[in-house]
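Subject: Structure handover

Hello,

Here is the structure for you to look at. My notes on a pocket and some salt bridges follow below.

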Amino acid sequence: NYTIVGDTVNSATRILSEAKDVEDPADVVVLASGETIRAAGKEARDCESLGTRQLRGRMEAVELFRVV
């Protein structure tokens with residue numbers, strides 16, 4: 001039995017909660033932070049910016065992307 005904690009896990013949980021507010025005809029919505037998209041580089045070319053969102057528990061807004 002394992003537990004993970006930390007800022008990355010908290011941010012992922014908050015981004016997951018944002019997914020239910022994104023309208024998408026697909027059954028699955030994949031969201032990623034701007035930090036993740038920048039780290040992916042050229043591999044992240046099929047993404048659409050959703051702008052910045054203020055995630056609960058975070059001082060600064062986070063840029064979110066929908067992977068298309």
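How many nonpolar, polar and charged residues does the lining of the largest pocket have, by class? The lining has seven nonpolar, five polar and six charged residues. In this count Ala, Val, Leu, Ile, Met, Phe, Trp, Tyr, Cys and Pro are nonpolar, Asp, Glu, Lys and Arg are charged, and the others, Gly among them, are polar.

This is a predicted model, in which local features need pLDDT of at least 70 and side-chain atom pairs count only at pLDDT 80 or more, while totals for chains, interfaces and linings use all residues. Residues are numbered from 1 along each chain as its sequence is written, and side-chain values use heavy atoms, with hydrogens and water left out.

The pocket

The largest pocket holds about 350 Å³ of space. A pocket here is an open set of points on a 1 Å grid over the protein atoms alone, where a 1.4 Å probe fits, with protein on both sides within 12 Å along at least five of seven lines; lining residues have an atom within 4 Å of a point. Points are joined across faces, edges and corners, and the volume is the space filled by probe spheres set on them.

Of the 18 lining residues, Ser11, Ile15, Ser33, Glu35 and Val62 lie nearest the centre of the pocket. At least two lining residues each come from helix H1 (7-19), strand E1 (30-33), helix H2 (34-40) and strand E3 (62-67). H1 gives the largest share, six residues. Helices (H or I, at least four residues) and strands (E, at least two) are DSSP runs, numbered from the N terminus.

The salt bridges

The whole structure has four salt bridges, each a side-chain nitrogen of Lys or Arg within 4 Å of a carboxyl oxygen of Asp or Glu.

- Arg58 pairs with Asp7, with the closest N and O atoms 2.8 Å apart. Arg58 lies in the loop between strand E2 (47-53) and E3, and Asp7 in H1, so the pair ties together parts 51 residues apart in sequence.
- Arg38 pairs with Glu63 at 3.7 Å between the closest N and O atoms. Arg38 is in H2 and Glu63 in E3, so parts 25 residues apart in sequence are tied together.
- Glu48 pairs with Arg66, the closest N and O atoms being 2.4 Å apart. This pair links distant parts of the chain, Glu48 in E2 and Arg66 in E3, 18 residues apart.

Arg66 counts as buried at 16% relative accessibility, and Arg38 as exposed at 59%. The cut-offs are under 20% relative accessible area for buried and over 50% for exposed, with partly exposed in between (1.4 Å probe, protein chains only).

Regards
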